[in-house]
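Colleague: I am new to this structure and would like to go through it step by step. Please keep the answers plain.

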Amino acid sequence: MTLFALVAPVAVCVAVILLLSSFDFVRRPTFRRLALRNAMRRKNEALLVVLGSLFGTAIVTSAFVVGDTLNASIRDEARTRLGPIDEIVLVHRTSELPTALRRVTGQPLPSSDGAMPLVTTEATVSTFPAAGQSRVVEPQAFVHELDFDAARRFGHRPADTGLADAGPTPKGSEAVIGVDLASRLHVRVGDQLVVFVFGQHRRFRVRTIVPRVGLAGFVPGSATESEVAFVPPGTLNAMASKLPSGAQAAEGRVLVSNQGGVYDGVGASDAVSLELQIRTAGLAGIEIISEKQGTLDYAKQQGSSFTELFGLIGGFTVVAGVLLLVNIFVMLAEERKSELGMLRAIGLKRNHLVRTFGLEGNLYSLVSAALGAFAGIAVGRVVVNVTERIFSSGDHKTALRFDVRPASLLLGSAIGLAISVLTVWGTSFRIGRLNVIRAIRDAPEAPRRSRPWRALVLGAVGVVVGGQVLSLGIEGHQPVLALLGPALGAWAAVPLFQRFVPRRQAVSIPCVALLVYSVGAFTFLPSVF
């Protein structure tokens, strides 16, 4: 059993219902008039139904919006932290950097726009305060050495590097710093900085401040901010020359750009990485990193995880919306009981009554699906704002790039529509079974004759299906299915328990068991949740 095997029958069922309602709306004027008349005559009830359906759609859509936002925020690192950088040849000892560069660039690299060296190290950077001023320190900055002219040619798109307007390569006591470091230290062009690295310090004057884009925003690893400073080439090796033998010095990197733009160049990453591994084989202390491909894959994975997480949390609200919708339709049916009985008495068949009620409900569902998708954008915006505040700490502000894909809105609307349509028609079938005479007299329905064997069979089947859904959730690491399976099994177990205990206990026992499981699901099945 797969997820598709569960979704496909639902999709087919919803499609058949919508096609039937479309046929009735066009070809059955009586059904259409009855549905539209009831909707227009009872505006308050219609609004209540739309709101009940809207909640589920809004929650589902907001889960997709949150996933899109996280995906887009991490993907944006490919532009702000990497730019034209696709692969990195990490050289742990800078003495091996010239050799690695020759190996990489000795022959034209297939599917590549070029390669260039970078020397970098982590350092502490502080302001150089005037008399009476306090020093501001950033202990986790990165200091780079880079040829600015070569960097602007790297990838053949200077704007993607962030160094298009940075001027020539720093020299002497000049330094070019990133906008994040300038903001953290509260410095401007012309101010002085002190770089502490390798047990030494050196003073620099800020010549230019560059944006957090591409090479100008590159830092090893993943970071929401890029506290970087570019110093004249040779500075780090000179400061590291006084280190004792074997001490950790600066690292070298050969940056490689694939053909294409910031995002579409990643398609050749596997082939280029393999070629780099072949060319650098035999060199000690070398690592080949598919940096951009890893970033984009991580973005997709995290976006999917957050979509699933918020969908799981919002599922309880969706269930509440479904129950509200069922109650509203049952209430409407009870209010119209005499009217429905009269319609049956003058010749309206049971299936016609169901289709008329279902058509009215589908009209509500279509409106609520459209409105719920846009309401989901608002809910997603609120969730994103709260998430930003949760993950921000101190001066480090987490900034998420709010993003909504049209496909997410369509999918959220479709899921919300499916939930509403199935709920409406399930309720309509129940309503269609009314007794004509009792409905006309507005008398309560007679108790139905019980068929114990049918309840036992359906209960047993429900327990088995619930167990299969739970097994599918555990094997596929699907938390939604892992919660749905026990709920379905507990519901189906009620008629089985009724054979041995009173109804109150038969309902309470599965509910308590399900409550314990739901609360402890993260503990019972940590690999799934």
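Modeller: This is a predicted model. Start with a loop: Ser-111 sits between helix H5 (97-105) and strand S2 (112-127).

Colleague: What is phi of Ser-111 near?

Modeller: Most residues other than glycine have a negative phi. Ser-111 is a residue other than glycine, yet its phi is positive. The value is near 60°.

Colleague: Is Ser-111 buried, partly exposed or exposed?

Modeller: A residue is buried under 20% relative accessible area and exposed over 50%. Ser-111 has 32%, so it falls in between. That makes Ser-111 partly exposed.

Colleague: Which other loop residue has a positive phi, His-477 being the one I have in mind, and where is it found?

Modeller: Phi of His-477 is positive, near 55°, and this residue is partly exposed at 43% relative accessibility. His-477 is found in the loop between helix H16 (452-475) and helix H17 (479-497).

Colleague: Back to H5. Which of its residues are buried, and why do they line one face of the helix?

Modeller: The buried residues of H5 are Leu-97, Ala-100 and Val-104. An α-helix has 3.6 residues a turn, so residues three or four places apart point the same way. Seen down the axis of H5, the buried residues line one face because they fall within an arc of 65°.

Colleague: What covers the buried residues of H5?

Modeller: The cover includes one helix, H10 (269-279). Strands also take part, including strand S1 (87-91), S2, strand S8 (251-258) and strand S9 (286-289).

Colleague: How far is Arg-253 from Pro-117 in space, C-alpha to C-alpha?

Modeller: In sequence the two are 136 residues apart. From C-alpha to C-alpha, Arg-253 and Pro-117 are 5.7 Å apart.

Colleague: Ser-257 lies in strand S8 too. What is its relative accessible area, and which residues is it in contact with?

Modeller: Ser-257 is buried, with a relative accessible area of 2%. Leaving aside neighbours within four places in sequence, its contacts are Pro-84, Asp-86, Ser-112, Asp-113, Gly-114, Phe-154 and Gly-155.

Colleague: Ser-420 is in helix H14 (residues 406-431). Which residues is it in contact with?

Modeller: Ser-420 is buried, at 2% relative accessible area. Its C-alpha atom is separated by 24 Å from that of Asp-68, 352 residues away along the chain. Leaving aside neighbours within four places in sequence, Ser-420 is in contact with Ser-53, Leu-325, Ser-365 and Ser-368.

Colleague: Now the whole chain. How many helices and strands does it have, and what is its radius of gyration?

Modeller: The chain has 19 helices and nine strands. For 529 residues the globule rule gives 24 Å, and the chain is well over that, so it is more spread out than a compact globule. Its radius of gyration is 33 Å.

Colleague: What does the C-alpha trace span along its principal axes?

Modeller: Buried residues make up 45% of the chain. The accessible surface comes to about 26900 Å². Along the principal axes, the C-alpha trace spans about 100 × 55 × 50 Å.

How values were computed
Residues numbered from 1 in each chain as written. Predicted model: local features only at pLDDT ≥ 70, side-chain atom pairs only at ≥ 80, totals over all residues. Heavy atoms only, no water. Helix = DSSP H or I, 4+ residues; strand = E, 2+ residues; numbered from the N terminus. Rg over C-alpha atoms; globule rule 2.2 N^0.38 Å. Buried < 20%, exposed > 50% of the residue type's maximum accessible area, 1.4 Å probe, protein only. Areas by Shrake-Rupley, 256 points an atom, 1.4 Å probe, with all protein chains shown as cover. Arc of directions from axis to C-beta. Contact = heavy atoms within 4.5 Å.
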